[in-house]
Amino acid sequence: MTCNIVSPFLFLFYFLLQFTCNLAQAPAMAPIPPAQSSAPASPPPTISSPPAPLSSPIVASAPAPGPSGPPNVIKILAKAGSCSTFIKLLQITHEVGEITSYLNKSNSLTMFVPPDGAFLNLKTGTLNSFSDQRKADLVKFHILPSYFSLSQFQTASNPVPTQAGGTTNREFPINITTNGTAVNITTGIVNASLTSTIYTDSQLAIYQVDKVLLPLKFFVPPLPPAPAPAPSKPQKDDPSSDSSSVNVVPSGATSLLPHMFRGMVYPGSFFFFSVCFVYMS
């Protein structure tokens, strides 16, 4: 009885064991695809190619800085201070443009600038009495057409010409003398001294002087021109000194000479022979 009950269980256990072994050895089932929806399928995403590398922008190079212009005289004097009167003269006479043009041509200059106090020390009304041309000449009289350093004043050849004119016939010259480091300027009207250096480079030198440089030509007229030599006077005829003059005898008197000669010779000869005859007898 016991054997009959166990046999079916053994058979069942053996069957389950074989089924389990076969199930483990069977290939895995493919996954069930998901149910498709009724909506249209979206297209597959496109794979965009990577963007091309951006080329660096072409930047125009800045132009090389050109040569700097000449120094600005007005700015230099304004920065120095106490030069407003001379600045005004430069502007109203348009000499500042002449100075800039002169320096642009690689020329050199030396300037003597009086301070405002020096103009106040002038006789009342002196500056206002000058015509526009004289004011321009006054400014030019304070400018030398060459560069002078402090040491070069010691070898200056007097008289020194200025931008106003030359050195002949009382035009616009100045005389520069030195005594050690002191520099003195003489115009024939004013004796001034150089007090300080306002600006200097290899082309332009600006010095301050203690007085306004007044030209001699403004107050003393030029020398009159030398008179032309007088023409030689023609000499009068002098009969006594004229060797070619001959005393002319009238023709009538000339005709009488032979008769007078004969009248003198014949009587004399007769008398001579008479005396000789008496003496011989």
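Predicted model: local features only at pLDDT ≥ 70, side-chain atom pairs only at ≥ 80, totals over all residues.
A residue counts as buried when its relative accessible area is under 20%.

**First stop: Ala-156.** Select Ala-156, which sits in the loop connecting strand S2 (143–144) and strand S3 (175–179). Its relative accessibility is 17%, so Ala-156 counts as buried. Ala-156 and Asn-175 are 19 residues apart along the chain, and their C-alpha atoms are separated by 8.7 Å.

**Second stop: Gln-208.** Move to strand S6 (residues 204–209) and select Gln-208 within that strand. Gln-208 also counts as buried, because its relative accessibility is 17%. To see its surroundings, leave out the neighbours within four places in sequence; Gln-208 is then in contact with Cys-83, Val-113, Pro-115, Ser-193, Leu-194, Thr-195, Ser-196 and Ile-198.

Select residues 84–92 for helix H3 and residues 132–141 for helix H7. The two helices pack with their axes 10 Å apart, at an angle of about 120 degrees. H3 is therefore oblique to H7. The crossing of H3 and H7 is left-handed.

Now show the side chains where these helices meet. On the H3 side, the residues are Phe-86, Leu-89, Leu-90 and Ile-92; on the H7 side, they are Lys-135, Leu-138 and Val-139. Coloured by class, the contact of H3 with H7 shows six nonpolar residues, one charged residue and no polar residues. Lysine belongs to the charged class, and Lys-135 lies on the H7 side of the contact.

Note on methods
Residues numbered from 1 in each chain as written. Heavy atoms only, no water. Axes fitted to C-alpha atoms, helices over the stretch in contact; angles between N-to-C directions. Helix = DSSP H or I, 4+ residues; strand = E, 2+ residues; numbered from the N terminus. Parallel < 35°, antiparallel > 145°, perpendicular 65-115°, else oblique. Left-handed = near helix turned anticlockwise from the far one by under 90°. Contact = heavy atoms within 4.5 Å. Buried < 20%, exposed > 50% of the residue type's maximum accessible area, 1.4 Å probe, protein only.
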